[in-house]
Amino acid sequence: EEEPEIVPVFTDAEHADELMTDEEAEEHIEVVEEAPGEERKGKLHAINLDTICEAYEDGETVTLESLKEKGLAPKNSGRVKILARGTMTKKLEIIADSFSLQAVKMITLAGGRSEQYK
């Protein structure tokens with residue numbers, strides 16, 4: 001018997017809350033090691049998923065460095081938090097210092113991945 005294909009659900013925070021619990025969202029946060037010699041210091045920059053979706057293509061990886069390259073985060077940012085405004089319209093892998101649980105739900109439902117520095 002074939003595995004059912006998971007169809008991405010592109011949704012907003014309100015509907016994501018109806019589709020996934022906070023506990024389920026926490027299980028989808030993958031903890032990753034930061035790169036050796038990479039210090040996560042400096043200002044925390046918060047960015048919303050709708051802004052990210054406008055600037056990235058389906059399947060891309062979002063990092064603080066790529067946000068800076070695209071002009072979406074100030075050069076002096078040392079850390080980034082992902083927030084859940086708008087509708088998630090892309091399947092993305094996002095590596096950040098923190099996420100709102102609604103953002104994790106939206107990323108997961110869209111078939112993406114949330115990776116958080118420990």
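A salt bridge is counted where a side-chain nitrogen of Lys or Arg lies within 4 Å of a carboxyl oxygen of Asp or Glu. The model is a predicted one, in which local features need pLDDT of at least 70 and side-chain atom pairs count only at pLDDT 80 or more, while totals for chains, interfaces and linings use all residues. Residues are numbered from 1 along each chain as its sequence is written, and side-chain values use heavy atoms, with hydrogens and water left out.

1. Salt bridges of Lys-105. The rule above gives six salt bridges. In one of them, the side chains of Lys-105 and Asp-22 meet at 2.7 Å, N to O. This pair links distant parts of the chain, with Lys-105 in helix α5 and Asp-22 in helix α2 (residues 22-27), 83 residues apart. Helices here are DSSP runs of H or I with at least four residues, strands are runs of E with at least two, and both are numbered from the N terminus. Lys-105 also meets Asp-17 in a salt bridge of 2.5 Å, N to O. Asp-17 belongs to helix α1 and is 88 residues from Lys-105.

2. Exposure within this network. Shared partners join Asp-17, Asp-22 and Lys-105 into one network of salt bridges. Is Lys-105 buried or exposed? Lys-105 has 2% relative accessibility and therefore counts as buried, the class for values under 20% relative accessible area, with exposed meaning over 50% and partly exposed in between (1.4 Å probe, protein chains only). Asp-17 is partly exposed at 34%, and Asp-22 is partly exposed at 34%.

3. A further salt bridge. Asp-50 pairs with Arg-85, their closest N and O atoms being 2.8 Å apart. Asp-50 lies in helix α3 and Arg-85 in the loop between β4 and β5, 35 residues apart. Asp-50 is buried, with a relative accessible area of 19%, whereas Arg-85 is partly exposed at 47%.

4. The sheet. Four strands form an open sheet with parallel pairing, in the order β1-β7-β5-β3; two strands pair if DSSP finds at least two bridges between them. The edges are held by β1 (29-32) and β3 (61-62), each of which has a single partner strand, so one side of each lacks a neighbour in the sheet. The parallel pairing of β3 with β5 runs over two bridges, and Thr-61 has Glu-93 in β5 as its bridge partner.

5. The nonpolar core. Such a core is a set of buried Ala, Val, Leu, Ile, Met, Phe, Trp, Tyr and Cys residues joined through side-chain atoms within 4.5 Å. The largest one has 28 residues, and those with the most contacts inside it include Leu-49, Ile-82 and Ile-94. Helix α5 (101-109) is one of the elements that supply at least two residues each; α5 gives the most, with five residues. Asp-97. Where does Asp-97 lie? Asp-97 is placed in the loop between β5 (93-96) and β6 (98-99), and it is buried, with a relative accessible area of 15%. The side chain of Asp-97 reaches the backbone nitrogen of Val-80 at 2.8 Å. Leaving aside neighbours within four places in sequence, the contacts of Asp-97 include Arg-40, Gly-78, Gln-116 and Tyr-117.

Definitions and conventions
A polar contact is a pair of N or O atoms within 3.5 Å; within protein, one must be able to donate a hydrogen and the other to accept it, and residues adjacent in sequence count only if both atoms are side-chain atoms. Contact means heavy atoms within 4.5 Å.
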